[in-house]
Amino acid sequence: MSEAAAHPAVHQHTAPTGFIRKYVFSVDHKIIGLQYYGLALVAVFVGMVLSWLMRIHLGWATFAIPGLHLLSSTGAPGNVMTPEYYLSLMTMHGTIMVFFVLTNAPFSGFGNYFLPIQVGAPDMAFPRMNMMSFWVTLVAFLVLMASFFVSDGPTIAGWTVYAPLSAVGKDAGPGLAMGQNLWAVAIAIFCVGQLLGSLNFIATTLDLRTKGMSLLRLPFSTWAWFITSVIGLLAFAVLLPACVLLILDRTAGTSFFIPGGLVVSDHLQPHTGGSPLLWQHLFWFFGHPEVYIAILPAIGIVSHILPAFMRKPLLGPRVIVGCMVAIGFLSYMVWGHHMFVSGMNPFSALLFSVPTLIITIPATIATLLWIGSVYGAKLRFTSASLFCLGFISVFISGGISGFFLAQPSIDTYLHATYFVVAHFHFVMAVAAIFAIFAGTYFWMPKMIGRMMNETLGQIHFWITFVGVYCIFMPMHYLGLAGNVRRYAAFTDDFLVPLIPVHQFITIAALVTGAAQFIFLFNLIWTRFRGPKAPDNPWNATSLEWSTTSPPPFDNFGGRQLVVHHEAYEYGVAGSAGDYVMQTSPEVVKPQ
Amino acid sequence: MDVSELDATIHAGHAGMEESPYGIPSGKLAMWCFVLSDAVTFSAVLFAYGYLRIGSPDWSTPFTFVPSVLNGLVMTFVLLTSGLTMLAAVEAAKAGRTAAGTRWLWATCALGALFAGMHLMEWRHMIEEGWRLFQNPLGGSVEFGAAFFCITGLHLLHVLGGVCALAVIALGFHRQRYNSIDVEVLGIYWHFVDLVWMFVFPLVYLMNAR
Amino acid sequence: MSVQGAALGPGMKFFVAVWIALMCIVGVEVIVTYQHLPPRQLLVWLLLLAFLEAGVAAWYFMHLKYERAALTWSLLPALVFVVFMMDHIWPDAFRLASLRLLSH
């Protein structure tokens, strides 16, 4: 023990006192994780409300939404949003959801909370840099939100802010003066926060594993967070300069993305020599790995939770890790599939299409391994495990539409239609949200020491599950029928007959959205009235269940854990019980 | 990052923890990862420059040997020498010679500041000739100014950041608030800044020599 | 006491020699620049020399040689892969040039 005492812990000081040091400017990774999660909760609520406003307008274009003029008097005169304001709301919906929900919650939120614990460390490798990365992310969010309150409103250029629309400045329309500047600055700041976070995750995973925790004994969630942070390190490194170049085009008169001779709103733009395609290349070079940054932690979380409720490990665990690595690697080779109709070299389109089809292979292998594992297992249905099954379902649904979009010939027709909207919502948005829900139901007892209400959780699941299918399945039909995306209203002859479908989707969206308040209520109720959670309510094996709920300041109460087993020893033949915790000294002879 | 955090990571692999696959302190590993990320950032900017240059048939090549290329050569010499003094600082720090290490750190800081000063003077000279982010006094593509000031500006920001860090570490090392690992970690960053210049000088200066 | 005690590497004399070598490479770059090569050839030469210079700097100045091989094998392939992928953009740059020449 004297060696352990001589070993200086990452925290040489005792637990902080005072509200500010404990809960606001905290260097404790658990508090920082909760702060990220809280930010994501606020962001998802804002993003969801934006989607309601969009959906109501799409179903009923002339409907006056009460109070909308308070949000923007120019964007919604008489409470009916202008087409430009619809685009503003749509842009903010996408930006907030992709960056501040899907990158935040499963990666920065749960990852910050559980990665150090799952490797057996008392904290992240760089606690103060960790705190800085949260506050940088929060500043980014606030800068982005500020664009709602500038006179012109948020940018209308979509979350992908394609040039030259995003680059020429206020001539191009409302939201493209200050709103676009704020977007670019906010996202640039976000890149910095993510970079700092990635450094922490990588250093912690590699350097702070406790004795016996070899890399192969890491839980799937830790592997996923580690791989995601490597992807993020390289992807955000390209988005940052892209945003800087965009800001220069907008404010300093450069022409990186603006060609010559462009006449916008009857004004000849002074720029010359640039290329809008260059923006697309730079953006999607980041943008495609970004969607895998959104989904890989979800894959890790679902893979981590399922064994606890099946009471047996997943089939092919090393293969699943290999699939995650393969997805991470291939994610850098496919970005051009967002640009099939951009005027990009069509031979390049082939070079992008092939890896896009190849990347479906590791995703499919992982899916088959989940299904194969669940089949024949006596899966216990809880809120957490139901959302895991829901994840698999929507991941498959969204993945299948990907096969079509991966081929340039088909994508030429389907690009920028609702088919694409259906695809990415299923495979990325809904799938990752389901994993966030699963993670919440699974880990909330550990995080705040109280059990969530199971009944409410299952009601939440069923309404949400049916609801998302009602919302996004019809969008495939809409896309095939030629329904263009990013339109504020449908007045063309071939689109008007599709409006009833939009109205159905809107109603489904509102009902599904309302069901999320069950989840919110459950969270609040749990915090104040939930029954106390034991240390290991799920009889699970990984290191987070070896400590109290919630864990103490240094995670393990000064103990230096020793790991003896792999991460998912459930139903082990020859073992005394139905599961063997990673820290258990029990020696199990292989049968 | 303070001493207690570094100490913890130095001792990784000793009592009670698994050894890192790289056997280096976490601060060093993080700096290598940061360098990798920053290298990708500079690559993106350089690729954008190459893309725009190839796409601009009216590209200008304004750099005469005197003053531009010669100035660039001297700046290269200054930066390379600062790399050498940085090495001397790291060697002295690792050998426990605090005073010598501090002196070499200050020397590196001074050379970095000299580089930055020369660079700013060069910028002033070019601006006086009529070059801007959006303007080309020779009548060719305006992308030249955009690319030149953007790339060299990004590099200059990194140099200035390094100069500030060198000053902070030099002061702190002298007061024994920072140790040899801190110096070494900063050294990796400083050498990276030098490394980027090894691409900027040929691609931005020599490729545009007339 | 430092972790690197066993791997101090060579002394400053060696690094001065490396420094001289780096400056020689820069010298060669300048000489090559004034050989009136066509731009494409000049670019190839300069890139080769730049990568050589960077490699020497990373290997010796940044002490990669004296670290475990695993570090180099982790960092370098990642950078090479990412930079290689970025080469996808060149066909569009050349097409842009030919479109602009056509329009004149």
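This is a predicted model: local features need pLDDT of at least 70, side-chain atom pairs count only at pLDDT 80 or more; totals for chains, interfaces and linings use all residues.
Residues are numbered from 1 along each chain as its sequence is written, while chains are lettered from A and ligands numbered from 1 in the order in which they are written.

## Where chain C meets chain A

How many residues does the contact take from chain C and from chain A? It takes eleven residues from chain C and twelve residues from chain A. Two residues are in contact if their C-beta atoms, placed from the backbone, lie within 7 Å.

On the side of chain C that touches chain A, the elements giving two or more residues are α3 (69-86) and α4 (90-103) of chain C. α3(C) gives the most, with five residues. Helices here are DSSP runs (H or I, at least four residues) and strands are DSSP runs too (E, at least two), numbered from the N terminus. By class, this side of chain C has eight nonpolar, one polar and two charged residues. Ala, Val, Leu, Ile, Met, Phe, Trp, Tyr, Cys and Pro count as nonpolar; Asp, Glu, Lys and Arg count as charged; the others, Gly among them, count as polar.

## A helix pair in chain A

Two packed helices are described by the angle between their axes and the distance between the axes. In chain A, the axes of α11 (residues 346-374) and α12 (residues 383-405) come within 11 Å and cross at roughly 150°. That makes α11(A) roughly antiparallel to α12(A) (angles over 145 degrees count as such).

The contact uses residues of both helices. α11(A) brings A:Thr360, A:Ala363, A:Thr367, A:Trp370 and A:Ile371. α12(A) brings A:Ile392, A:Phe395, A:Ile396, A:Gly399, A:Gly402 and A:Phe403. By class, the contact has seven nonpolar, four polar and no charged residues.

## Chain B

Chain B has six helices and zero strands. Its pattern along the sequence is α-α-α-α-α-α. The C-alpha atoms of chain B fill a box of roughly 65 × 35 × 20 Å, taken along the principal axes.

Of the 210 residues in chain B, 60% are buried (20 or more other C-beta atoms within 10 Å of the residue's own, with C-beta atoms placed from the backbone). Among contacts in chain B with a separation of 6 or more, 74% come from residues 24 or more positions apart.

Conventions:
A residue is buried if 20 or more other C-beta atoms lie within 10 Å of its own, exposed if 12 or fewer, and partly exposed in between; C-beta atoms are placed from the backbone. Axes are lines fitted to C-alpha atoms, for helices over the stretch in contact, and angles run from 0 to 180 degrees between N-to-C directions. Angles under 35 degrees count as roughly parallel, over 145 as roughly antiparallel, 65 to 115 as roughly perpendicular and the rest as oblique.
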